[in-house]
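Visitor: I'd like to go through this model with you and ask where each label comes from. Shall we start with how far to trust it?

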Amino acid sequence: MTITFERLSYAYPAEAGMAPVWALDDVGTAIAEGSFGLLAGPSAGGKSTLLRVVNGLVPQFHGGRMTGRVDVQGLDPSRTPAREMARRVGMVFQEPEAQAVAETVEDEIAFGMEQQGVAQPEMRRRVDALLSDLGIEDLRYRRLPTLSGGERQRVAIAAVLALEPAILLLDEPTSQVDPAGADAVIATLLRLHERRGLTVLIAEHRLERLLPVVDTVLEVESGKVAVMTPREAARRLRAVPAVCELGRRRGWSPPPLTVEEARRFVHDAPLRAQLREGPPRGRLLLDVAGLTVTYGERIALREASFGLCAGEVVALVGANGSGKTTLFRAIAGLVHPAHGTVAFEGAAAPRSVQQRTAHTGLVPQDPAIALYHETVRGEIDETLEHRQTGRQRGLAAIDGALGAWDLSPLASANPRDLSVGQQQRVAVATMLAHEPPVWLLDEPTRGADGPAKRWLAERLRAHAAAGGAAIVATHDIESAARYATRVIGLDAGQVVFDLPASTAFAAAGPVPTQVARLVPGARVAEDVI
Amino acid sequence: MHTLAWMAWVALVMAVALTTTNPYYLGVVLLCILLVAVLAPRTGSAVAGFRALLILGSGLFVVSLGIAVINGNYGGHILFTIPGPSVPDWLGGLRLGGPVSAEGLVAEAIRGLAILCVLLAFGVFNGAVSPHRVLRTTPAALFHAGLVVTVGLTLLPASVEDVRRIREMRALRGAPGGWRSLPALVVPAVIGGLERSMRLAEAMEARGYGSSPAGARLPRMLGAASAPLLLLAAAVWSYYPQARPIAIAATALGVLALAYWGWSAARSRRTTRLNSEPMARTDVTMSGISVALAVAAIVTNAAGWVNLSYSPFGGLPWPPFSLAGGTLALSCAWPALRLASQPAASREATAPAALQAMDPAHEVIQP
């Protein structure tokens with residue numbers, strides 16, 4: 001056993017006079033050498049904390065109270081100096097940009113070795129080997145800020161592996177990355193696991209790629225840990241990939257983990273889909289014509305044209321850097337297009353960002369960084385104050401907005417004390433509290449767990465049913481299939497397809513869902529009868 | 001050009017600009033800096049652009065002249081008089097208003113010019129050399145402190161980017177701009193910056209940084225003892241001229257203690273470097289000459305061999321000009337020769353990547 005937890009409990013430092021909240025509660029588990037393990041479970045359930053216990057950041061960096069015993073390769077990480085632990089356990093954090101120390105890829109990989117005093121020829125050998133193992137030789141002399149998300153994540157992995165640890169920990173390594181980047185990261189991890197016999201532990205919410213390849217699943221929820229095989233996980237986890245969900249509903253045994261495994265069951269007993277009717281399309285709310293945006297020499301958006309009608313929810317898909325964010329910025333008036341027009345309900349869009357977003361609200365990525373009031377109510381109040389100049393603004397309006405976003409129980413909480421998922425919801429609510437008819441959401445489900453994604457899908461469907469419309473930029477095809485009525489694909493700044501959801505998510509479409517590949521006409525497990 | 005060569009040049013500019021008070025020489029130094037600035041590569045992650053620094057420096061120059069006017073001053077050529085209250089003597093001769101003399105203004109302008117020169121020299125250095133390259137040439141004893149500063153410097157542009165994003169988000173919420181929204185900008189930016197620093201510190205800790213053994217006790221004690229020794233030496237030297245040998249001995253002891261601390265720190269911190277920047281022979285030569293010239297400027301001026309100073313008081317005389325002084329000032333232009341002799345392609349090689357990285361709208365860098 002390379003990692004052993006015995007009766008481990010841990011609480012982050014609490015304010016004086018407050019009772020400690022146990023982030024980990026009586027964990028007793030062992031992980032065998034050479035395991036490829038997945039930590040699954042809801043947000044704030046203790047996944048990140050458990051990873052940090054393994055390399056000693058908890059409690060050495062974070063403080064707090066810890067009881068019980070941890071053993072990692074014969075060492076107690078809560079007492080061993082970080083310099084020692086770093087040689088045995090490597091950790092890749094959620095945001096690759098937050099962990100970069102150096103300027104170029106090569107120096108970033110060498111940083112840990114320089115700290116350990118590794119001799120120069122050995123350093124060169126390891127850097128060469130890592131660059132080729134991770135398939136990033138061409139990035140060697142690149143500056144870190146110029147890399148894409150997937151590339152940065154692989155550089156971060158290389159930087160950690162340079163110390164040749166036996167255990168690699170990753171905290172949501174694919175949550176910030178587009179599908180191609182996520183595939184590359186996971187393929188890299190698998191290869192390293194096989195070639196180097198590395199023990200890998202990954203905490204992640206997007207399970208469809210990982211569940212078929214891992215050998216152990218640790219379900220972490222409210223500080224409790226349960227160990228199971230991937231098959232058991234497919235039966236027992238609260239949020240599972242769509243194909244497992246379908247298997248559960250149909251009672252397939254053993255539960256399939258991939259679409260290929262599920263084909264056998266479908267072949268034996270073909271399934272039919274119940275077609276879902278979206279709300280009827282209403283009047284034209286937003287019209288974009290020939291929109292082109294350039295940043296210096298680079299063309300970020302090229303002749304984008306489409307209309308958006310009431311009742312539509314569009315999923316905007318495309319790789320990192322394909323122009324999704326730029327399109328939103330141009331519609332909201334944050335960048336001025338080189339040419340092309342934006343019209344709201346048939347009239348030219350107003351000039352100022354404030355006036356534009358009164359009609360077409362935009363929620364950018366990481367909206368929670370702008371929160372600054374003491375209470376959630378204060379945040380909502382401020383938005384309504386700005387939006388309803390001149391009109392009578394009452395407590396009822398604030399309570400209405402809080403209720404609409406399911407924030408009433410949190411109204412007097414400080415946004416900074418909330419969990420990441422709740423913070424995200426507060427931030428979305430502050431941007432859209434004035435109920436604009438059109439919503440633009442930039443990657444709203446990034447790093448969100450199953451219930452949070454489902455909640456957002458409900459909210460979007462209700463908005464469309466009430467005569468609104470929305471565009472959601474996302475990498476998460478499976479959750480987009482729950483709410484989208486139409487899919488627009490961007491590639492290198494150009495609209496490459498604009499299809500109704502029934503065609504786009506279908507097996508032959510550009511973004512097929514797992515269920516659609518099994519049952520013609522269905523998109524998500526709920527569609528199958 | 002090598003980082004150390006750039007440092008030597010900054011040292012030379014500082015030495016010349018701060019020893020001379022002759023407007024001719026200062027003017028020559030300023031022109032030299034501007035020439036170097038035009039030719040210097042812009043590959044560093046300059047926190048402030050050179051242009052912004054130029055505007056700031058000129059602004060400071062004007063402000064210092066303004067303050068000189070308000071303070072009033074002495075001198076024979078009174079230009080005009082500003083009415084002001086008479087301040088009691090016991091406030092240490094502070095003056096508000098009163099006669100404004102040409103001499104006073106000229107003296108203030110000369111002081112402002114010297115400060116402008118130093119500011120711009122740092123601006124060129126900052127633009128030409130990234131903090132990461134500076135870090136690579138830091139002695140091992142100062143490596144930890146240097147790394148912290150470097151990381152801090154690279155976090156600063158990130159905070160500027162944060163403020164930009166938060167401003168946009170405020171506009172998206174319908175908030176009007178203006179000064180009243182300052183707390184709404186600053187609070188999240190500060191909190192965001194702190195959180196970012198914590199995450200980075202955590203990541204560095206996980207990679208084995210920061211927990212190296214603190215080093216033996218003796219060298220650390222000696223390192224600490226060097227400061228009072230050097231202070232003592234300075235005090236004795238200035239107040240007790242008859243005891244100067246003691247001051248020299250104290251200086252020597254202090255320097256020795258410091259050197260021992262540095263040496264043992266370098267030995268105990270067994271860090272290595274993947275890319276040690278090789279120093280070209282020209283750079284070595286020119287750095288040596290720069291340092292020698294810097295020392296020469298200070299020594300000759302102190303000894304009075306070459307008169308670098310000029311005082312406008314005493315009848316506003318025309319400043320003197322000597323060939324030696326002029327040559328010394330002109331030597332501040334040496335990086336221009338060095339840079340002009342390199343092919344333009346190699347000077348600008350990394351510029352497009354750097355520009356791309358700084359483009360705030362570049363989607364790749366938006367997290």
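Guide: Chain B averages a pLDDT of 78, and 81% of its residues score at least 70; pLDDT is the predictor's confidence in each residue, from 0 to 100. This is a predicted model, where local features need pLDDT of at least 70, side-chain atom pairs count only at pLDDT 80 or more, and totals for chains, interfaces and linings use all residues. Residues are numbered from 1 along each chain as its sequence is written, while chains are lettered from A and ligands numbered from 1 in the order in which they are written.

Visitor: Where in chain B is confidence lowest, and where is it highest?

Guide: H14(B) is lowest, with a mean of 39, and H2(B) is highest, at 91. Those helices are DSSP runs (H or I, at least four residues; strands are E, at least two), numbered from the N terminus. Over residues 345-367 of chain B the pLDDT is below 50, yet this stretch has 40 contacts in the model beyond near neighbours in sequence. A contact here has C-beta atoms, placed from the backbone, within 7 Å.

Visitor: Why are H2(B) and H11(B) called roughly parallel?

Guide: Helix H2 (residues 23-39) and helix H11 (residues 323-330) of chain B pack at about 25°, with axes 8 Å apart. The axes are lines fitted to C-alpha atoms over the stretch in contact, and angles run from 0 to 180 degrees between N-to-C directions. Under 35 degrees counts as roughly parallel, over 145 as roughly antiparallel, 65 to 115 as roughly perpendicular and the rest as oblique. H2(B) and H11(B) are therefore roughly parallel to each other.

Visitor: Which residues meet there, and what makes them polar or nonpolar?

Guide: B:Tyr25, B:Val28, B:Val29 and B:Cys32 of H2(B) meet B:Gly325, B:Gly326, B:Ala329 and B:Leu330 of H11(B). Ala, Val, Leu, Ile, Met, Phe, Trp, Tyr, Cys and Pro count as nonpolar, Asp, Glu, Lys and Arg as charged, and the others, Gly among them, as polar. That gives six nonpolar, two polar and no charged residues.

Visitor: How many residues of chain B are in contact with chain A?

Guide: 50 residues of chain B are in contact with 65 of chain A. H7(B) gives the most to the chain B side, with 12 residues. That side divides into 22 nonpolar, 14 polar and 14 charged.

Visitor: And what does the model score overall?

Guide: ipTM is 0.84 and pTM is 0.79.

Key. Two residues are in contact if their C-beta atoms, placed from the backbone, lie within 7 Å.
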